[in-house]
Amino acid sequence: MNILFRRLFKRIPPEKEGEYLLKRANASAYQVFIDQNFRQLTNFDKQSQVEQDRIFNELVVTAVIYVMLMIDGKLDEERIKPDRIHFWMKLRDMIPDLYVDYLKGLEIAGQHLDIWKRLIDLRWKEYRGEQKNTRSAWAKEFAEHPDKDVLNETAVRLETVTVGVLLHITRGQAKTNADDPLRRHLRTWLSTLEYKLGKRVGW
């Protein structure tokens, strides 16, 4: 992102930037949801309406959490300039409320908003914790096999969230090996989201 754009973007308040990122994340989840290949891999047409809704919700909450993890990762890796750290910490922490406000604007009933608040909080704690576990496991493997590539935080994030959403969508029934078609499909989605938002997050 060049200097001119950085100067322009610095005038954007964190809530507006958060709304933009959530809009992109939400759209990406919807594109996966309507994708025919995804629906074939999940036997979507054979699922009940309740289960179809649950699958959609898992895709959306995963996209929301992935944005938070991207911000968190850049903060941890000190890839954000010192004068922008407070902005991005504030943005990360306000994302759950921003998304609930977005749902409120769609006139979603209050009890469902409370469910979404809990779901976002649950998945945030889960994926953040699992990311640490993935990092630790990979660090040990790299230490035992120094010929392997350097530990990559983006890859850790992708691996953690891919496996997590795969298991949630399938209620723990999916194979988690790298050759599983649904896993590959979800990883491609998250990789694309990472690529599209990577330069935007942390400016």
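Tryptophan 88 has a relative accessibility of 0%, so it counts as buried, the cut-off being under 20%. Keep in mind that what you are looking at is a predicted model. Phenylalanine 87 is buried too, with a relative accessible area of 10%.

**Rings and charges**

How many aromatic pairs does the count come to? It comes to seven. One of them is made by phenylalanine 33 and phenylalanine 44, an edge-to-face pair. Phenylalanine 33 sits in helix H2, while phenylalanine 44 belongs to the loop between H3 and H4, so their pairing ties together parts that are 11 residues apart in sequence. Both of these phenylalanines are buried. Phenylalanine 87 and tryptophan 88 make an aromatic pair as well, again edge-to-face. Here are the values for these two pairs:

| Aromatic pair | Centre to centre | Angle between the planes |
|---|---|---|
| Phe33 and Phe44 | 5.2 Å | 85° |
| Phe87 and Trp88 | 5.3 Å | 75° |

The ring of phenylalanine 87 has the charged end of arginine 84 over it, 4.2 Å from the centre.

**Helix H8**

Now jump to helix H8, residues 181–198.

The buried residues of H8 include Leu182, Leu186, Trp189, Leu190, Leu193 and Leu197. Among the others on that list are Arg183, His185 and Glu194. So what covers the buried residues of H8? The cover includes helix H2 (14–34), helix H3 (36–41), helix H4 (49–76) and helix H7 (153–169).

Helix H7 holds glutamate 159. Is glutamate 159 buried or exposed? At 18% relative accessibility, it counts as buried. Leaving out residues up to four places away in sequence, glutamate 159 touches Thr134, Trp138, Arg183 and Arg187. One of these, Arg183, is a buried residue of H8.

Over in helix H4 is glutamate 51, which is buried with a relative accessible area of 12%. With residues up to four places away in sequence not counted, glutamate 51 touches Ile169 and Arg171. Glutamate 51 and isoleucine 169 are 118 residues apart in sequence, yet their C-alpha atoms are 9.2 Å apart in space.

**Two loop residues with a positive phi**

Last stop: the loops. Asparagine 43 is not a glycine, but its phi is positive, at about 50°. You'll find asparagine 43 in the loop between H3 and H4, partly exposed with a relative accessible area of 46%. Glutamate 107 is another residue other than glycine with a positive phi, near 65°. Glutamate 107 lies in the loop between helix H5 (85–105) and helix H6 (110–144), and it is exposed, with a relative accessible area of 72%.

Note on methods
Residues numbered from 1 in each chain as written. Predicted model: local features only at pLDDT ≥ 70, side-chain atom pairs only at ≥ 80, totals over all residues. Heavy atoms only, no water. Helix = DSSP H or I, 4+ residues; strand = E, 2+ residues; numbered from the N terminus. Expected span 1.5 Å × (residues − 1). Buried < 20%, exposed > 50% of the residue type's maximum accessible area, 1.4 Å probe, protein only. Contact = heavy atoms within 4.5 Å. Phe/Tyr/Trp six-rings, centres within 6.5 Å; stacked < 30°, edge-to-face > 60°. Lys NZ or Arg CZ within 6 Å of the ring centre and 35° of its normal.
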